[in-house]
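Please view the sequence and the model before reading on.

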Amino acid sequence: MRVYVPLTLPGLAEAHKTGELGAGPLVAYAVTPALREWYLSDDIEELEYAALGRAALASLRLLAADPGAPRRRVVVAVDVPDGAAVADPDRGLDPAALGEVRVAGAVPLSKAAAVHVDAGDAEADVAAAAQALPAADGGDDDAQFVVDGAEDHELLWFATQEIPNLVGSGD
């Protein structure tokens, strides 16, 4: 099963250093029954793109909580065994939890299929979106418009071999 793990660039650097995405349980996003129902599509590529978008929003939330992190959303696409990622049935109908799954145990970075990261030209919009997020969560339509502006930027695809360059270690 493909899951999408939201991170920040410092989080990706830590994963590169330790060789794992976290000790678990790890919050990730995947094509869940609730996401299928919400998205109303049977096209798996569209559904996976929707799960990636949910993870990008979660990455934005991580950025809002870490003002020192570069303002670029990061999502790592990882293949985990079927059954390793489980949706919380109590949160299945919560719109904020669409596609959210928990992955028990550590996830080796070697299982990553790709990394998705904002381009540098997205940083201003991502910074504004991270700052507007609390107001958007409170129902402010203008703030939601700013948050949606970050979603106008497509995340770039990177091979896992490019992680050292993304995190600046260059090794």
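The sections below cover the overall fold, the nonpolar core and the cavity.

## Overall fold

This is a predicted model. The protein chain contains six helices and seven strands, and along the sequence they follow the pattern β-α-β-α-α-β-β-β-β-α-α-β-α.

The C-alpha atoms fill a box of roughly 45 × 35 × 25 Å along the principal axes. A compact globule of 171 residues would have a radius of gyration near 16 Å, so the 15 Å of the protein chain agrees with that shape. Of the 171 residues, 43% count as buried. Among contacts between residues at least 6 apart in sequence, 76% join residues at least 24 apart.

In soluble globular proteins, nonpolar side chains tend to be buried together. Here the largest nonpolar core has 25 residues, and V3, L12, L21, V78 and V115 have the most contacts inside it. Elements giving two or more residues to this core include the strands β1 (2-7) and β3 (74-79) and the helices α1 (9-18) and α6 (163-167).

Leaving aside residues up to four places away in sequence, L12 touches L7, V74, V76, V115, I163, L166 and V167.

## The cavity

The lining consists of G53, A56, L57, L60, R73, V147, A150 and E151. Two elements, α3 (44-65) and α5 (141-151), each give two or more residues to this lining; α3 gives the most, with four. By class, the lining has five nonpolar, one polar and two charged residues.

Key:
Residues are numbered from 1 along each chain as its sequence is written. This is a predicted model: local features need pLDDT of at least 70, side-chain atom pairs count only at pLDDT 80 or more; totals for chains, interfaces and linings use all residues. Side-chain values use heavy atoms; hydrogens and water are left out. On a 1 Å grid over the protein atoms alone, a cavity is a set of points where a 1.4 Å probe fits but cannot get out, and a pocket is an open set with protein on both sides within 12 Å along at least five of seven lines; lining residues have an atom within 4 Å of a point. Ala, Val, Leu, Ile, Met, Phe, Trp, Tyr, Cys and Pro count as nonpolar, Asp, Glu, Lys and Arg as charged, and the others, Gly among them, as polar. A nonpolar core is a set of buried Ala, Val, Leu, Ile, Met, Phe, Trp, Tyr and Cys residues joined through side-chain atoms within 4.5 Å. Buried means under 20% relative accessible area, exposed over 50%, partly exposed in between (1.4 Å probe, protein chains only). Contact means heavy atoms within 4.5 Å. The radius of gyration is taken over C-alpha atoms; the globule rule is 2.2 Å times the number of residues to the power 0.38.
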